[in-house]
Amino acid sequence: MNKEEILSQLPYAAPFHFVDSLDHIDENGTRGTFTFNPELDFYKGHFKDHPVTPGVILTETMAQIGLVCLGFFLLGNTAEGATGHVMLTSTAIDFMKPVFPGEKVTVSSEKIYFRFKKLHCNVQMKNEAGDIVCKGTLSGMVTTKLNG
């Protein structure tokens with residue numbers, strides 16, 4: 001499965017689609033980018049007069065690029081033609097710097113393991129200056145069925 005196929009299968013739509021590009025993917029990890037549109041609704045109240053991207057949105061962005069895209073790639077290489085799903089099962093993320101409206105971030109992930117349908121990855125997000133914004137681990141179940 002190539003980058004374009006993976007991006008076309010992501011089960012997200014605006015305003016909850018947090019992948020602009022997938023720059024690298026292989027069996028060991030991913031790297032992709034996203035720019036946070038200042039018009040996104042959550043900026044209206046987080047925080048009033050000084051908007052900052054919520055940590056849960058940063059975590060979701062890392063999950064979409066670093067876990068879901070990698071899970072689709074790994075599933076596509078083992079089950080030709082199957083439609084994949086990746087459900088987030090656990091997170092452990094440390095936040096170091098804020099991400100403001102309009103900022104572009106780069107997410108990279110490194111597979112720790114993929115076995116028994118569970119994908120576990122180290123992930124990190126950097127801002128355009130190359131500073132680490134947040135990092136940690138994400139896990140998810142990779143399956144071809146939503147209820148199974």
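Pro 15 is located in the loop between α1 (3-9) and β1, where helices (H or I, at least four residues) and strands (E, at least two) are DSSP runs numbered from the N terminus. The peptide bond that joins Ala 14 to Pro 15 is cis, with omega about 10°. The structure is a predicted model, in which local features need pLDDT of at least 70 and side-chain atom pairs count only at pLDDT 80 or more, whereas totals for chains, interfaces and linings use all residues. Residues are numbered from 1 along each chain as its sequence is written, and side-chain values use heavy atoms, with hydrogens and water left out.

The loop between α1 and β1 also holds Val 19, which counts as buried at 4% relative accessibility; buried means under 20% relative accessible area, exposed over 50%, and partly exposed in between (1.4 Å probe, protein chains only). With neighbours within four places in sequence left aside, Val 19 is in contact (heavy atoms within 4.5 Å) with Leu 7, Leu 10, Thr 33, Phe 34, Gln 64 and Ile 65. The C-alpha atoms of Val 19 and Thr 35, which are 16 residues apart along the chain, are separated by 8.4 Å.

A cis peptide bond is also found from His 46 to Phe 47, with omega near -5°, and Phe 47 belongs to the loop between β2 (29-35) and α2. In the loop between β4 and β5, Phe 116 has a positive phi of about 50° although it is not a glycine, and with a relative accessibility of 77% Phe 116 counts as exposed. Lys 117 is placed in the loop between β4 and β5 and, while not a glycine, has a positive phi near 70°; the relative accessible area of Lys 117 is 49%, and this residue is partly exposed.

The chain contains two helices and six strands, which run α-β-β-α-β-β-β-β from the N terminus on. Its radius of gyration is 15 Å, close to the 15 Å given by the globule rule for 148 residues, so the chain is as compact as a globular protein of that length; the radius is taken over C-alpha atoms, and the rule is 2.2 Å times the number of residues to the power 0.38. The C-alpha trace spans about 50 × 25 × 25 Å along its principal axes. Of the contacts with a separation of 6 or more, 64% are accounted for by residues 24 or more positions apart, and buried residues make up 41% of the 148 residues.

In soluble globular proteins, nonpolar side chains tend to be buried together. Beyond its neighbours within four places in sequence, Met 125 is in contact with Leu 58, Thr 61, Met 62, Val 99, Val 105, Thr 106, Val 107, Asp 131, Ile 132, Val 133 and Cys 134.
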